[in-house]
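Good morning. I will go through one structure today, from the overall layout down to a single residue.

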Amino acid sequence: MFLTFALITLAGAVALVFQRNLVVAGLCLVLSFAGVAGLFLLLGNPVAAALQVIVYSGAIVVLLLFVIMLLNEHREEPALRPRPLQRWLSVLVTVAMGAGAVRLVFHSALLRGLDRGGPPVPMALDRLGVALFRDHLVAFEAAGLLLLAAMVGAVSLVKRDL
Amino acid sequence: MTTAGSILQGGLPGYILVAMLLLLIGLATVLCRRSVLVQFMGVELMLNAANVALVAFARFRGGDVQGTVFYLFIIAVAACEAAVGLALVVGLYRHRQSTDTDRADALKQ
């Protein structure tokens, strides 16, 4: 079950890298987010899984697809000039970091020590609410203010004459 | 239990490996693609990788609630970033009729 969702997540992400059509790339992103939501379910966190589906593959991707369709430009334009050095350098850096990540996970004794089995404790919504509104109330209000500021900023950026 | 067996059965190393690979694929998207919209999708993938790692660590700490709280804040910041970032893309397209980062490499038009 874990392998299925992990493969769905990574396959969606890899398809995003190689997809030329922007709308299909957005749908690959939805696939990847759905895989992440499945991983959250396996981790015993249905709250995070529901939020992942609603906010990420719902709101953010829909906004992204709307902008793609608004811009009337569904595929990448041809490159102005080829940049082979930068392209190969970025591929090389990414592959090297990937190899490093795999090596790190396979050789980390610390990670193995944290890996305690047992059935997952389901995340209860009441515990989350108590933690959010008792211990993190200031941060919660700040997040609300940040959302308002972002909304005002986005409107003022897009509007031609305010 | 070996690390490979733990990954196959969905232990903590498996989730961390998925998170790291997701982050690197997002990084590759940002580095290799020219369209600013696809680069934005890569940034979203990288944010999601952080979320996977957070929720996985929280679950293996015995269902810690702080991981989910941080996940909520990351979602709020990601929503802000999406709104402002896409507004900037629309503004860029109005100025240059293009979302290609190679065609928008100078502040002056």
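**Domains, core and interface**

In chain A, the centres of domain 1 and domain 2, taken over C-alpha atoms, are 23 Å apart. Keep in mind that this is a predicted model. The domain assignment places domain 1 of chain A at residues 1-76 and domain 2 at 124-162.

Now to chain B, and its helix α2, which runs over residues 12-32. It has 21 residues and spans 30 Å from its first C-alpha to its last, close to the 30 Å expected at 1.5 Å a residue. Is α2(B) mostly covered or mostly open? Mostly covered: 18 of its 21 residues are buried.

Next, the largest nonpolar core, which has 66 residues. Among the members that touch the most others are Leu39(A), Ile16(B), Val18(B) and Leu22(B). Elements from both chains give two or more residues to this core, including α1 (2-18) and α7 (137-158) of chain A and α3 (36-60) of chain B. Which element gives the largest share? That is α2(B), with 14 residues.

Take Val18(B) as an example. Leaving aside neighbours within four places in sequence, Val18(B) is in contact with Ala6(A), Thr9(A), Leu10(A), Leu39(A) and Val52(B).

Last, the interface. Here 65 residues of chain B are in contact with 71 residues of chain A. On the chain B side, α1 (3-8), α2, α3 and α4 each give two or more residues. The largest share of that side comes from α4(B), with 22 residues. By class, the side of chain B that touches chain A has 44 nonpolar, 15 polar and 6 charged residues.

Key. Residues are numbered from 1 along each chain as its sequence is written. Chains are lettered from A and ligands numbered from 1 in the order in which they are written. This is a predicted model: local features need pLDDT of at least 70, side-chain atom pairs count only at pLDDT 80 or more; totals for chains, interfaces and linings use all residues. Domain bounds come from an automatic or database domain assignment. Helices (H or I, at least four residues) and strands (E, at least two) are DSSP runs, numbered from the N terminus. The expected span of a helix is 1.5 Å times one less than its number of residues. A residue is buried if 20 or more other C-beta atoms lie within 10 Å of its own, exposed if 12 or fewer, and partly exposed in between; C-beta atoms are placed from the backbone. A nonpolar core is a set of buried Ala, Val, Leu, Ile, Met, Phe, Trp, Tyr and Cys residues joined through C-beta atoms within 7 Å. Two residues are in contact if their C-beta atoms, placed from the backbone, lie within 7 Å. Ala, Val, Leu, Ile, Met, Phe, Trp, Tyr, Cys and Pro count as nonpolar, Asp, Glu, Lys and Arg as charged, and the others, Gly among them, as polar.
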